[in-house]
Amino acid sequence: MTLAATIVKRISASFTIDVDLRASAGITILFGASGSGKSTILRCIAGLMTPDEGRITLDDAVLYDGGARVNAPPQHRRVGMVFQQLALFPHLTVAGNICYGLSDLPQAERNSRLAETTRMFRIEGLLDRKPARLSGGERQRVALARTLVTEPSLLLLDEPLTALDFDIQSRIIDDLRRWNEQRRIPVLYVTHTHREVYALGEQVIVIDNGRVLATGVPHAVLEHPTHPLVANLAGFENLLEGHVLERDEIGGTMQVRIGSSGPDLEVPIADLPSGSAVTVGIRAGDILIANEPPHGLSALNIIEASLAASRREGPAMVADVRTTTGTRLVVHVTPRAFERLGLHAGGRVWLAVKSYSCRIARNDTIRGGFR
Amino acid sequence: MDWQAFGLSVRLAATVSAILLVLAVPLAYWLSVTRFRGRFLVESVVSLPLVLPPTVLGFYVLLALGARSPIGRLWMEWRGHGLAFTFEGLVIASLLYSMPFAVQPLAAAFAQLDPSLRDASAVLGASPWRTFLRITMPLSIEGFLAALVLTFAHTIGEFGVVLMVGGNLPGITRTVSIAIYDDVQALRYDEARATAFALLLLSFLLLAAVYGIRRRPWAASPLA
């Protein structure tokens, strides 16, 4: 089974979705920020929304063809979809929900599918319950089971696990993987958290502003992002624009000057000539912070800065620092470290950044090398 | 107490409620899902009887049903008599008069339904009709109940429209509210008292039934 979808859909005067994507058997992640158009793409594929132009096929079956005026209604597409809000039917029991899509089957077949699916997703004990009396993880399992029991030819998942804690998330992901090993259908999985990309994806498609930005295996696309936007989405809180000053082939590094006045950063050498405009991505958690000039570190980049502001976000302290040359950086530290160092707004700090924590992206390759 | 008038009112209310439910469901559903820009105009027309004096509505209905109107003439050819001052004429007038009491609770119930439930039903293979029967209707049951009871109670109690369109023919158009008015005019206060009390009791019981079943406060309000 292979999904091929070309979709053009004008959402507003300034926002048009224009994508061309393929997904073969296995899990493909649609990755992008909220509002990038991922959910609209899923809705077009499911038939809940009609594109303005394009063509959507599943192997030989044409689901939509703007030119030939083919537009199969959602109930005839054999596409399974799990919604972000799950959309369990509140007036039906778990069994009623799961059997909802099986009304055309004989009773015996219905029962055996119900039994098999509920065993697979470990919800046998919940059959008589209404959705209101289920926990978050149980609801997610029921929503998945209700969709998978119909044996769709394509599965669309719209951020179905985002609300769950990591443990439950990864167990459900395991169930989903096991299920798909037997079926081998294309699964399109929408998310905006990169943790899910690594946990799930065999293939990732990065969507931004209604376009496909990059396609590839998660490791290649997210770990070595060639496009600044991909880097940003992949959790690089600091994206610093600069240019290559000089290359040190023997030392394996090159110097990049951020902005016009620095700081100058030592980054891993890349195949870029001096003078190239680049963006350096550094994760906020990869920056060490010190309250005096540090010594004896392997980190090549020691930058003097001052703490502009700080705030607590979940378990982490987010520190806003400004280098002596005026560059702003975001640094994540634990509240304990923050307190132990006696950090306070206006105080002097030193930042240490390993060369290998600096990812580099060329500014002129707008479409990236992984397209 | 005028049992004949009472029976006539119940028959009228039951007929109107039944017909109106059939008419109001598609209209209310359309109002709740349409993106048509002129929706507010349709809503205004449907809701007119809420604010219009019954005599004004009755006057226009009388003109529309009269022997010189197209509807009146068609009816005349079909049934051999006019529509004005007949039970059928009353039914038509009451349909218009009670329309908002059926449409508004239904539209409100449909609109508060999570649209992703309909989407989920469709991708699970259900046709729009099946989605309506298995998802939309059961989850809007309070709206149906409210529409039914309010239409019934409102039709039973109508006065001005009946007077304009139906007149006061015993057994044909003399409804219970007309009977009360008549009794008072003729100084038959004991008769009027009994009939009025019966109407009060019936209305109270109907509303108590709706609010007794409702889960949200004022779920049955016509202005919900």
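**Chain B, and on to chain A**

Modeller: Read along the sequence, chain B runs α-α-α-α-α-α-α-α-α-α-α, in what is a predicted model. The count for chain B is 11 helices and 0 strands. Its C-alpha atoms fill a box of roughly 65 × 45 × 25 Å along the principal axes. Of the 224 residues in chain B, 39% count as buried. Now take the contacts in chain B between residues at least 6 apart in sequence: 75% of them join residues at least 24 apart.

One helix pair deserves a close look. Two packed helices are described by the angle between their axes and the distance between the axes. Helix α8 (residues 141-156) of chain B and helix α11 (residues 189-213) of chain B have axes that come within 10 Å. The axes cross at roughly 170°. An angle over 145 degrees counts as roughly antiparallel, and α8(B) and α11(B) are therefore roughly antiparallel to each other.

Which residues make the contact? From α8(B) come Leu145(B), Ala146(B), Val149(B), Phe152(B), Ala153(B) and Ile156(B). They meet Leu202(B), Ser203(B), Leu206(B), Leu207(B), Ala209(B), Val210(B) and Ile213(B) in α11(B). By class, that contact has 12 nonpolar, 1 polar and no charged residues.

Leu187(B) sits in the loop between α10 (176-185) and α11 of chain B. Its phi is near 60°, a positive value in a residue other than glycine. Most residues other than glycine have a negative phi, and most peptide bonds are trans. Leu187(B) has 9 C-beta neighbours inside 10 Å, so it counts as exposed.

Arg184(A) counts as exposed because it has 11 C-beta neighbours inside 10 Å.

Next, where the chains meet. 15 residues of chain A are in contact with 14 residues of chain B. On the chain A side, strand β7 (residues 79-82) gives the most, with 3 residues. That side of chain A divides into 9 nonpolar, 6 polar and no charged residues.

The nonpolar cores come next. In soluble globular proteins, nonpolar side chains tend to be buried together. The largest nonpolar core here has 68 residues. Ile29(A), Leu30(A), Ile45(A), Leu156(A), Leu188(A) and Tyr189(A) touch the most other members. Take Leu156(A). Not counting residues up to four places away in sequence, Leu156(A) touches Leu42(A), Ile45(A), Ala46(A), Val79(A), Gly80(A), Met81(A) and Leu188(A). A second, separate core has 48 residues, and Ala84(B), Ala108(B), Phe110(B) and Ala192(B) are among them.

Chain A also holds an open sheet of 5 strands, paired antiparallel. Strands of a sheet pair through backbone hydrogen bonds, either parallel or antiparallel. The order in chain A is β16-β20-β17-β18-β19. At the edges stand β16 (288-290) and β19 (328-333); each has a single partner strand, so one side of each is left without a neighbour in the sheet. From one strand to the next the twist averages 45°.

Strand β20 (residues 348-353) of chain A pairs with β17 (residues 301-313) of chain A over 6 bridges, in the antiparallel sense. In that pairing Ile302(A) stands opposite Ala352(A) of β20(A). β16(A) is joined to β20(A) by 3 bridges, and the two run antiparallel. There Ala290(A) stands opposite Trp350(A) in β20(A). Side chains alternate along β20(A). Val349(A), Leu351(A) and Val353(A) point to one face and are buried.

A last stop is Asp59(A), in the loop between β4 (53-58) and β5 (61-65) of chain A. Asp59(A) is exposed, with 12 other C-beta atoms within 10 Å. Leaving aside neighbours within four places in sequence, Asp59(A) is in contact with Met1(A) and Thr2(A). Asp59(A) and Thr2(A) are 57 residues apart along the chain, yet their C-alpha atoms are separated by 5.4 Å.

Note on methods: Residues are numbered from 1 along each chain as its sequence is written. Chains are lettered from A and ligands numbered from 1 in the order in which they are written. This is a predicted model: local features need pLDDT of at least 70, side-chain atom pairs count only at pLDDT 80 or more; totals for chains, interfaces and linings use all residues. Two strands pair if DSSP finds at least two bridges between them. Helices (H or I, at least four residues) and strands (E, at least two) are DSSP runs, numbered from the N terminus. Axes are lines fitted to C-alpha atoms, for helices over the stretch in contact, and angles run from 0 to 180 degrees between N-to-C directions. Two residues are in contact if their C-beta atoms, placed from the backbone, lie within 7 Å. Ala, Val, Leu, Ile, Met, Phe, Trp, Tyr, Cys and Pro count as nonpolar, Asp, Glu, Lys and Arg as charged, and the others, Gly among them, as polar. Angles under 35 degrees count as roughly parallel, over 145 as roughly antiparallel, 65 to 115 as roughly perpendicular and the rest as oblique. A nonpolar core is a set of buried Ala, Val, Leu, Ile, Met, Phe, Trp, Tyr and Cys residues joined through C-beta atoms within 7 Å. A residue is buried if 20 or more other C-beta atoms lie within 10 Å of its own, exposed if 12 or fewer, and partly exposed in between; C-beta atoms are placed from the backbone.
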